[in-house]
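Take a look around first, and then we'll walk through it together.

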Amino acid sequence: MTKNKTVLAWLDEMKALLTPDNVVWVDGTDAQRDELRRVAVELGELEELNQEKLPGCYLHRTNPNDVARVEDRTFICTSTKEMAGPTNNWCDPKEMYEKLYNIARGSYKGRTMYIIPYSMGPIGSPLAKIGVEITDSVYVVLNMLIMTRVSNEVWDVLGDSNDWVRGLHSRCDVDPEKRYICHFPEDNTIISVNSGYGGNVLLGKKCFALRIASFQGWKEGWMAEHMLILGLQNPKGEVHYIAAAFPSACGKTNLAMLIPPEYLRKKGYKVWTVGDDIAWMRIGEDGRLYAINPENGFFGVAPGTNAHSNFNALESTKKNTIFTNVALDLNDKTVWWEGLNKNLPENALDWKGNPWDPAKFNKADKTTCAAHPNSRFTAPAENCPCISDEFNKGAGVPISAIVFGGRRAKYAPLVYQSRDWENGVFIGSAMASETTAAAAGAVGVVRRDPMAMLPFCGYHMGDYFRHWLEMGKKLGDKAPKIFNVNWFRTDDEGNFIWPGFGDNMRVLNWIIDRCEGKATASETAIGYVPQPEDIDLTDLDMDLDTLKDILTVDKAVWEKEAAEIEEHYKKFGDRLPQELRDQLATLKANLK
Ligand code: OXD
Ligand code: MN
């Protein structure tokens with residue numbers, strides 16, 4: 001365990017507040033994990049699945065009022081409101097601590113306090129950071145054992161240091177009216193109460209690795225981003241790394257685990273996954289930007305995951321995986337979700353544990369679904385057939401390209417390259433995605449989501465843009481090249497034009513060729529767009545004219561876009577860097 005005085009003092013304070021009956025120090029050993037699984041099954045927190053077909057796999061059902069992240073109850077509690085900025089909920093830290101302590105007081109009574117020491121990133125890596133989460137949920141412990149690196153070694157690495165993130169989770173009564181996910185970036189502290197759902201309670205993930213870490217990165221000169229990391233191997237065996245940010249529902253996990261089209265596979269192309277959700281990036285000794293994936297597993301959305309959309313993710317869930325809110329096939333105690341296959345189970349329980357009638361299933365009506373639309377798998381990264389050799393190495397991988405993207409039916413071309421870093425920051429700051437039928441509310445509404453960080457940036461987004469610009473200055477000519485992609489252009493009938501999935505490799509190849517100075521492009525009002533001949537269409541049922549269509553930059557559409565970006569920028573007031581205002585002016589001038 002630990003002699004660290006700052007840890008022990010905080011734990012004493014928490015014990016006095018929460019009054020647990022028992023305390024368990026989690027050590028990351030298989031023996032303890034097995035015992036905790038047994039306890040979870042006994043408590044009814046987990047249901048054991050078919051151990052022959054799915055060894056080490058379990059099912060969990062959350063409270064039906066608690067199935068997703070709650071952005072309206074997520075707060076950044078900095079000493080001033082200005083620091084949290086216009087895109088975050090804010091509350092005075094003193095007031096919020098008091099409110100949360102009142103909610104949590106005595107809430108571990110009759111329960112066990114689990115103490116989880118974890119490392120975000122390979123233990124001991126110079127790019128990694130340490131957290132300690134306390135929780136009263138054995139489900140949280142078992143998920144943290146998959147999603148982070150939990151071990152007594154973490155205490156050794158921490159030593160006497162106070163550089164660790166405090167995380168208090170208490171399930172309380174799972175009361176949505178008293179649910180709060182709060183961050184105190186100046187104290188390295190997270191408090192989450194009245195939820196048991198992953199994104200709200202696995203505090204290493206969004207809370208630490210993005211909200212707190214983005215603040216730390218700003219103060220310490222590095223970057224915590226909502227990005228996948230992949231390595232693209234060419235026939236010579238060279239691997240180039242790409243980090244890419246997309247808002248939710250744009251296929252980040254699918255892109256991270258992409259399988260190239262057959263003709264490219266035969267030539268020797270291959271994609272390696274380093275991460276599917278979060279990247280921490282620092283400037284290395286050679287001046288390049290190096291990234292690690294701070295996580296140790298995938299917390300992926302189950303519906304839509306199948307052997308075609310993401311073979312590697314599906315493979316990752318075949319052992320030691322926790323499924324949350326999916327359907328249970330009673331015939332053989334395996335799991336099912338919409339989009340897994342066409343064999344709707346005849347004898348199943350839905351995500352709430354009620355008998356499910358496949359005859360009543362109607363794709364358009366989410367209330368008839370067997371699995372919750374946001375049902376998840378928590379799968380160890382080591383299960384992934386294409387996990388990168390670099391994944392467990394602490395040095396990180398050098399990033400050649402940063403890719404932004406979103407779901408835009410008409411406006412953005414399939415791919416374009418920014419003119420330079422500053423122009424790339426402008427593109428990221430204006431990122432947007434159109435809502436899909438997958439989420440509640442109107443379809444096709446544009447939501448601006450700068451760098452896909454809108455719900456995850458732990459400070460003022462104007463300062464965040466400034467930090468990006470500063471990083472670019474430090475990187476100079478070693479900076480990764482910045483691109484934007486859009487897999488989602490539609491035809492007049494609303495069908496996607498680009499096939500997506502594995503074929504996105506054709507676009508990634510152009511991106512890497514551009515980084516290497518090998519591919520051509522035409523300069524347009526928005527940046528460099530490939531000539532149709534620059535994208536390899538071998539074996540694809542698409543003609544050059546169609547490709548040309550999705551590479552066009554429609555000036556009328558872009559004038560509207562520029563006006564919308566101007567509106568979006570108003571939110572940031574005088575903290576919006578002048579460089580970005582200038583970029584917008586340049587765009588407008590280019591469109592004239
Ligand atoms: C996630 C998200 O769960 O971005 O990764 O919402
Ligand atoms: Mn995410």
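Where is Asn320 found? Asn320 sits in the loop between helix H11 (307-316) and strand E19 (322-324). Keep in mind that what you see is a predicted model. Asn320 isn't a glycine, yet it has a positive phi of about 50°. With 22% relative accessibility, Asn320 counts as partly exposed, as buried means under 20%.

Val174 is another residue with a positive phi of about 50°, and it is not a glycine either. You'll find Val174 in the loop between E9 and E10. Its relative accessibility is 16%, so Val174 counts as buried.

**The overall picture**

Let's step back to the protein as a whole. There are 17 helices and 31 strands in it. The radius of gyration comes out at 24 Å, close to the 25 Å that the globule rule gives for 592 residues, so the protein is as compact as a globular protein of that length. Along the principal axes, the C-alpha trace spans about 70 × 55 × 45 Å.

Of the 592 residues, 60% are buried. The protein exposes about 23200 Å², with carbon and sulfur atoms supplying 48% of that. Now take the contacts between residues at least 6 apart in sequence: 72% of them join residues at least 24 apart.

**The metal site**

Which residues are the protein donors of the manganese ion (ligand 2)? They are Lys206 through NZ, His226 through NE2 and Asp277 through OD, and they lie 2.1 to 2.2 Å from the ion. Along the chain, the donors follow the spacing K-x19-H-x50-D. Lys206 belongs to helix H8 (residues 204-220), while Asp277 is in the loop between strand E15 (270-275) and strand E16 (279-283), so this pair ties together parts that are 71 residues apart in sequence. Both Lys206 and Asp277 are buried.

**Cysteines**

How many disulfides does a search of the whole structure find? The search finds zero. Take Cys207, which is in no disulfide: the nearest cysteine sulfur belongs to Cys182 and is 9.4 Å away. A disulfide would need the two sulfur atoms within 2.5 Å. Cys207 has 0% relative accessibility, so it counts as buried. Cys515, at 23% relative accessibility, counts as partly exposed.

Cys172 lies in the loop between strand E9 (164-170) and strand E10 (180-184). Leaving out neighbours within four places in sequence, Cys172 is in contact with Ile103, Ala104, Ser107, Asp136, Val193 and Asn194. One of these, Ser107, is 65 residues from Cys172 along the chain, but their C-alpha atoms are separated by 5.7 Å.

Ser151 is another loop residue worth a look, placed between strand E8 (149-150) and helix H6 (153-158). Again setting aside neighbours within four places in sequence, Ser151 is in contact with Asp27, Pro117 and Ile123. Ser151 and Thr29 are 122 residues apart in sequence and 7.4 Å apart in space, C-alpha to C-alpha.

Here are the accessibility values of some residues we've come across.

| Residue | Relative accessibility | Class |
|---|---|---|
| Cys207 | 0% | buried |
| Ser151 | 14% | buried |
| Val174 | 16% | buried |
| Asn320 | 22% | partly exposed |
| Cys515 | 23% | partly exposed |

**Inside the protein**

The largest nonpolar core has 162 residues, and Trp280, Phe404, Trp468, Trp498 and Ile511 touch the most other members. Helix H5 (residues 138-147) gives the most to this core, with nine residues. There is also a second, separate core of 31 residues, which includes Leu18, Cys77, Leu100 and Phe184. Back to Ile511: not counting residues up to four places away in sequence, Ile511 touches Ile242, Ala401, Val403, Val415, Phe483 and Val485.

Finally, have a look at helix H12 (residues 421-429), which is mostly covered, with eight of its nine residues buried. The buried ones are Trp421, Asn423, Gly424, Val425, Phe426, Ile427, Gly428 and Ser429. What covers them? The cover over the buried residues of H12 includes strands E25 (397-405), E26 (415-417) and E29 (481-485). It also includes helices H13 (461-475), H16 (555-570) and H17 (578-591).

Technical notes: Residues numbered from 1 in each chain as written. Chains lettered and ligands numbered in written order. Predicted model: local features only at pLDDT ≥ 70, side-chain atom pairs only at ≥ 80, totals over all residues. Heavy atoms only, no water. Donors = N, O, S within 2.8 Å, 3.2 Å for Na, K, Ca; no water. Helix = DSSP H or I, 4+ residues; strand = E, 2+ residues; numbered from the N terminus. Buried < 20%, exposed > 50% of the residue type's maximum accessible area, 1.4 Å probe, protein only. Rg over C-alpha atoms; globule rule 2.2 N^0.38 Å. Contact = heavy atoms within 4.5 Å. Areas by Shrake-Rupley, 256 points an atom, 1.4 Å probe, with all protein chains shown as cover. Core = buried A, V, L, I, M, F, W, Y, C linked by side-chain atoms within 4.5 Å.
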